[in-house]
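Me: I would like to go through this model and ask on what grounds each label is given. Please set each value against its cut-off.

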Amino acid sequence: MNVHDQAHRLARELVASKEYRNLIEVQKRLKQDEQCKEMLKDFQKKQFELQAAQLSGQDVKDKEEKLQQLYSVLSANSLAREVLEAEYSFNKLYTDIQKIINDAIAESLDME
């Protein structure tokens, strides 16, 4: 089997994973709740702004505190909490797979 076939197989496995199926399910429910969807969009926007500020070397303590407060509010909403948890679970799985591939490539390219 060639590498492309293996990549397609891995993609199918990802789509079939419980993490992905759960994420799709909560996203469907989120589409029905406009208020929750807007709260999550605002949270994600603020997360992005915080990351950009961190990368530019700005003091982010105030932004971190505000983001934590917003997260506490979001966590009180069961659907928002489910969405965040589902996103985290799928992103962790996806990141783990990327790390496995990157480590294998880095190991074979090691020129020490």
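Me: What makes Glu38 and Lys41 a salt bridge?

Reply: Their side chains meet at 3.8 Å, N to O. A salt bridge is a side-chain nitrogen of Lys or Arg within 4 Å of a carboxyl oxygen of Asp or Glu, so the label applies. This is a predicted model, in which local features need pLDDT of at least 70 and side-chain atom pairs count only at pLDDT 80 or more, while totals for chains, interfaces and linings use all residues. Residues are numbered from 1 along each chain as its sequence is written, and side-chain values use heavy atoms, with hydrogens and water left out.

Me: Where do Glu38 and Lys41 lie?

Reply: Both are in helix α3, three residues apart, about one turn of the helix. Helices are DSSP runs (H or I, at least four residues), numbered from the N terminus.

Me: Why is Glu38 called partly exposed?

Reply: Its relative accessible area is 39%. Buried means under 20%, exposed over 50%, and partly exposed in between (1.4 Å probe, protein chains only), so Glu38 falls in the middle class.

Me: Which salt bridge do Asp96 and Lys92 form, and in which helix?

Reply: Their side chains meet at 3.4 Å, N to O. They are four residues apart in helix α5, so about one helical turn separates them. Asp96 is partly exposed at 33%, as is Lys92 at 41%. The count of salt bridges comes to seven.

Me: How do you know that the length of α5 agrees with its 32 residues?

Reply: The expected span is 1.5 Å times one less than the number of residues. For the 32 residues of α5 that gives 46 Å, and the end C-alpha atoms are 46 Å apart, so the two agree.

Me: Which residues of α5 are buried, and what covers them?

Reply: The buried residues are Leu79, Ala80, Val83, Leu84, Ala86, Phe90 and Ile97. Their cover includes α1 (3-16), α2 (18-31), α3 (34-55) and α4 (61-76).

Me: Why is Leu30 called buried, and what does it touch?

Reply: Leu30, in helix α2, has 11% relative accessibility, so it counts as buried. Leaving aside neighbours within four places in sequence, Leu30 is in contact (heavy atoms within 4.5 Å) with Cys36, Lys37, Leu40, Leu79 and Val83.

Me: Why is Leu109 called exposed, and which patch is it part of?

Reply: Leu109 has a relative accessible area of 56%, so it is called exposed. With Leu10, Ile101 and Ile105, Leu109 forms a nonpolar surface patch of about 340 Å² of accessible area together. Patch residues have over 30% relative accessible area and no salt bridge; nonpolar side chains (Val, Leu, Ile, Met, Phe, Trp, Tyr) are joined within 5 Å, like charges within 9 Å. The areas come from the Shrake-Rupley method with a 1.4 Å probe, and for residues only the protein chains shown count as cover. Helix α5 (residues 78-109) gives the largest share of the patch, three residues.

Note on methods
Helix = DSSP H or I, 4+ residues; strand = E, 2+ residues; numbered from the N terminus.
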